[in-house]
Amino acid sequence: MSAFDRDAERQRMLSRRTLVLGGLQGAAVATLMGRLYYLQIVESDRYTVLAEDNRISLRLVAPPRGLITDRFGVPLAVNEQNFSTIIVSERAGDVQQILDEVGKLIPLTEADERRIQRDIQRSRSFAPITIKENLTWDQVAAIEVNLPDLPGVSIDVGQVRSYPFGEALSHVLGYVGAAAEKDVEGSSDPLLTLPGFKVGKGGIEKQYDQALRGAAGNRQLEVNAVGRVIRELSRDPGQSGREVALTIDAKLQHYMHQRLSAEESAAAIVMDVNTGGIHALCSSPSFDPNQFAMGIGYEAYQALLKDERTPLINKVIAGQYPPGSTFKMLTALAALESGIVNADHRVFCSGHIELGSHRFHCWSRNGHGTLDMVGALMNSCDVYFYDIAGRIGMDRIADMARRFGLGGKVGLELPGERPGLIPDPKWKRQALKQPWHQGETLIASMGQGYVLTTPLQLAVMTARLASGRAVQPHLLKSIEGQFAETTEWPAIDVKPENLATVLKGMNAVTNVPGGTGYRARISVPGMEMAGKSGSAQVRRISMAERSSGVIKNENRPWRERDHALFVAFAPVQAPKYACAVIVEHGGGGGAVAAPIARDILLECQMLEAARATVAQQPPPATDTTPPAPNPAGETP
Amino acid sequence: MTLDVSGDSAALSFTEKLAQIPWSFVFLVTIVACVGFAMLYSAANGQIDPWASRQMLRFGVGLALMLFIGMIDIRVWMKMTYPLYGLVLVLLVGVDLFGSVGKGAQRWIDLGFVQLQPSEIMKVTLVMALARYFHGASLEDTGRIPYLIVPLLIVGAPVALVLAQPNLGTSLMLIMASGAMFFLSGVRWWKFALVIGAILIAIPLSWQFLLHDYQRDRVETFLDPDSDPLGTGYHITQSKIAFGSGGLTGKGFLQGTQSHLNFLPEKQTDFIFTMLAEEFGLVGSISFLVLYCLLLLFGFVIAGRCRHQYGRLLALGLTVNLFLYLFINVAMIMGLIPVVGVPLPLISYGGTATLAVMVGFGLLMSVHVHRDVRMSRRGLGDL
């Protein structure tokens, strides 16, 4: 075989095998193309979603919390700008040095520094770390001025809930705080997952949290593989919280708070007799809700918790007290309605009454002499009520008490309301497994013994007495302009003349010389109040004590003194405002609580009169054009 | 112009040689390289720096080198084959001894102005060496096993050195390209069957003793991508997402989210085709594959028209090399085969790979220009 032939043979072999090789390569490239088709067409939708998931990070935007205003639009809870200073470590260079510089401008504790360093360790270098929150204006200014020397540092503006009336309204409004686990449980609101998101804690903030909270907005952010935000793609600001208007009158509330602050521990409430709207509701001592919104310290919180005057408890709805003599209207009404006793029923009070082997005393040791029902109410004669209670029995009294709002929650829109207690034989059998004694009827008839009420219930009772209607109390006036108030309350099924007798008695208490509240009467014509005093014993007076002479209230330790109570409504001629006042361990109701009720009801009516005057006056002319007529009745 | 049938192209003048250069091929190479520039421009978020500009410079140098190599007589290259092979082998030893460590592997020698990757150059010189060896072999020779010992050593030495770096991708390419050379030279089928059988037996053994932990990890991740979704598997997952989300027509130039938001690893080097697929979709990626395959087709045509075995083997060997680059790279980033570090020449950012491929193209041209030269079996013919 020649060299040429050999080469030709070799070349044919090469050609054949080149074809094989080319075929293999072609098949391989076809495989690649098939895979491309599979990835880019068949699976495209799935991967497109994955790519978008990669790219887009949804971040929630917390909507501004709804405002809370009083009945005239005065803001009670607002959102304030809250300045904090933040640092981005990758822009800061030497973080410790920058922090030292910042520390010269605003106080930084060692704990702060430790937290900052820890946060920086845990976060990506481009993530902002909070150095200090809640900066004052001076601190903001100090940092702003020095920003050129503080690389990586900036000022961040957030929102913080603020309560302009502070302590005066804390028990009504509550406050906001970080969502606890129990708040988050069972809720699908994505806002709750936002770090630092605040929810309502207590009061209106809690009750109307859903309305105030609004709905989460979101920002679509384009992020890269390490999570750094590249740009904002879209922003949905969400639904800001709705504005909640309360029936509260901020001025009256402020006044009431001032007035009660003079006492060690007291509570009061004013409600509209016709609508049930609460104009003021105050429990003293109180706390500053702003402190809570900012994050209260452990020690301050413990101090509040341990205070025996219970500043954290809203005594208006959660304080349960024996109503004392303020209960007597119901005993009187029950007696009149029973038909067993009429208004002219007379009883001789010698200072005590005998029942079996027991002797029941009147607060007046020497007795009141002979009294009719109005006189009995005016003098708050215990013996008279022992007498009529003994005639009608406990069930009638309890029934009347419940019709006037006692013995169960009345349903005010505040968390933490307590039911109080109206005892009757059935209750005692069930709860205590004991039979009812007639003596207990006598004690209950004057609001002692097992009887427990809240100041709220007493105010409701008074409003129902004054209006004759089953008024329900409420704090909500409107949500975002939608009114919630009504005056359409059903009449209470009692004879008007009976009710009139009771009201006549209440009028006598404050407006007839000798009445237990006469010294606290309102003497402004047209603004007079009618009321009833009560002094609730918090301890049983022993026989030994009684024989040795009852120790006067002011000589006993605070905890053992009587509660002073007063309920009232005004004006007498056309009742509009009902009020209940309790001064814990204050002593006599007529002497201690009545003046407070008087001041509050007077202030209340004065404010109304002042507003009416302003509304009727034309606005002051500032130029030569004649003032435009002001529509009557419009409040400025 | 008619060629001298006697085939002695030494007689060709400079201008005649210039005319013989397959300019359409040069044009094609430039087009592919320009696609690469565009992708590097995109990889840098629409900036010519740092990658596209340097790649252009390298391509310019490579283009000149390609033409220069193409003009030099193929017999000169044949004569220099073994010395070149020896030199690159020495460089490989040098890398293993003194090379810079990058990503856990010693791969290049830092010459100051360029970081030389001898393993890339070896892809060319090994093909040259085998072509030269088999050029002198008749079919009877290739049928005898002792005759195959020398070429096996020629292959084995660089493969061992590259594996030691360690660089599994390049060693596999060297083995596969060499296998193709053996195959083209007429080595019997049953011998391949034997070797493949031996490899199948060797795999579990090398798994145990030869592979590095990271290489085992890669293979394990390939077999079960969910086992390591944030590690090696993450890259492939993100790469597949980029492919898939590109869809039919892609997201548009500079609009690839996976690449521009850094979900894509090594987007300027091994994973650059992923970026192309994301931004230009199936239409773009298939078009690109077709374009690239035209380069391969040129290789086959040049081999087919060559009248000497050295040229034929060299052209086919270089073509196989180019194919292996393409296939391994693209199959890897599409999750068809395990991740091995193989760039896509002319597209991926990288100095030596670009230059090595341009050198290969230069040799292809030299084969084409000197396709009719006369070469003796053993020697160099009349030069």
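**Exercise 1. The A–B interface**

Count the salt bridges between chain A and chain B.

*Solution.* Start with the criterion: a salt bridge needs a side-chain nitrogen of Lys or Arg within 4 Å of a carboxyl oxygen of Asp or Glu. Between chain A and chain B the count is zero. This is a predicted model, where local features need pLDDT of at least 70 and side-chain atom pairs count only at pLDDT 80 or more, while totals for chains, interfaces and linings use all residues. Side-chain values use heavy atoms, without hydrogens and water; residues are numbered from 1 along each chain as its sequence is written, and chains are lettered from A and ligands numbered from 1 in the order in which they are written.

Next, take the contacts (heavy atoms within 4.5 Å). On the chain A side, 36 residues touch 58 residues of chain B.

Last, take the buried area, the accessible area (1.4 Å probe) that two parts lose on being put together, summed over both. The two chains bury about 4,000 Å² between them. Carbon and sulfur atoms carry 69% of that area.

**Exercise 2. The surroundings of B:Phe263**

Place B:Phe263 in chain B and list its contacts.

*Solution.* Secondary structure comes from DSSP runs, numbered from the N terminus: helices are H or I with at least four residues, strands are E with at least two. B:Phe263 sits in the loop between helix H12 (257–260) and helix H13 (272–305) of chain B.

Now check accessibility. Buried means under 20% relative accessible area, exposed over 50%, partly exposed in between (1.4 Å probe, protein chains only). B:Phe263 has 5%, so it is buried.

Set aside neighbours within four places in sequence. From chain A, the contacts of B:Phe263 include A:Asn54, A:Arg55, A:Val223, A:Asn224 and A:Ala225. From chain B, they include B:Tyr234, B:Gln238, B:Thr257 and B:Gln258. B:Gln238 is 25 residues away along the chain, yet its C-alpha atom is 6.3 Å from that of B:Phe263.

Finish with B:Asn262, in the loop between H12 and H13 of chain B. Its phi is near 65°, a positive value in a residue other than glycine. B:Asn262 is partly exposed, at 40% relative accessible area.

**Exercise 3. Two aromatic pairs**

Classify the ring pairs B:Phe183–B:Trp189 and B:Phe323–B:Phe327.

*Solution.* Apply the rule: rings of Phe, Tyr and Trp (its six-membered ring) pair if their centres lie within 6.5 Å; planes under 30 degrees apart are stacked, over 60 edge-to-face, the rest tilted. The structure holds 24 aromatic pairs over all chains.

B:Phe183 is buried at 8% relative accessibility, whereas B:Trp189 is exposed at 53%.

For B:Phe323 and B:Phe327, the centres are 5.8 Å apart and the planes lie at 15°, so this pair is stacked. Both residues belong to helix H14 (residues 309–333) of chain B, four residues apart, about one turn of the helix. B:Phe323 is buried at 9%.

**Exercise 4. Strand E3 of chain A**

Which strands pair with E3(A), and in what sense?

*Solution.* Two strands pair if DSSP finds at least two bridges between them. Take the partners in turn.

- Strand E2 (residues 68–69) of chain A is joined to E3(A) by two bridges, antiparallel. A:Thr69 has A:Pro75 as its bridge partner. Five residues separate the strands of this hairpin, and A:Gly73 in the turn has a positive phi of about 90°.
- Strand E5 (residues 153–162) of chain A is joined to E3(A) by 10 bridges, again antiparallel. A:Ile86 pairs with A:Ser154.
- Strand E4 (residues 128–132) of chain A is antiparallel to E3(A) over four bridges. A:Val88 stands opposite A:Pro128.

Then count burial. In E3 (residues 75–88) of chain A, 10 of the 14 residues are buried, so the strand is largely enclosed by the rest of the structure.
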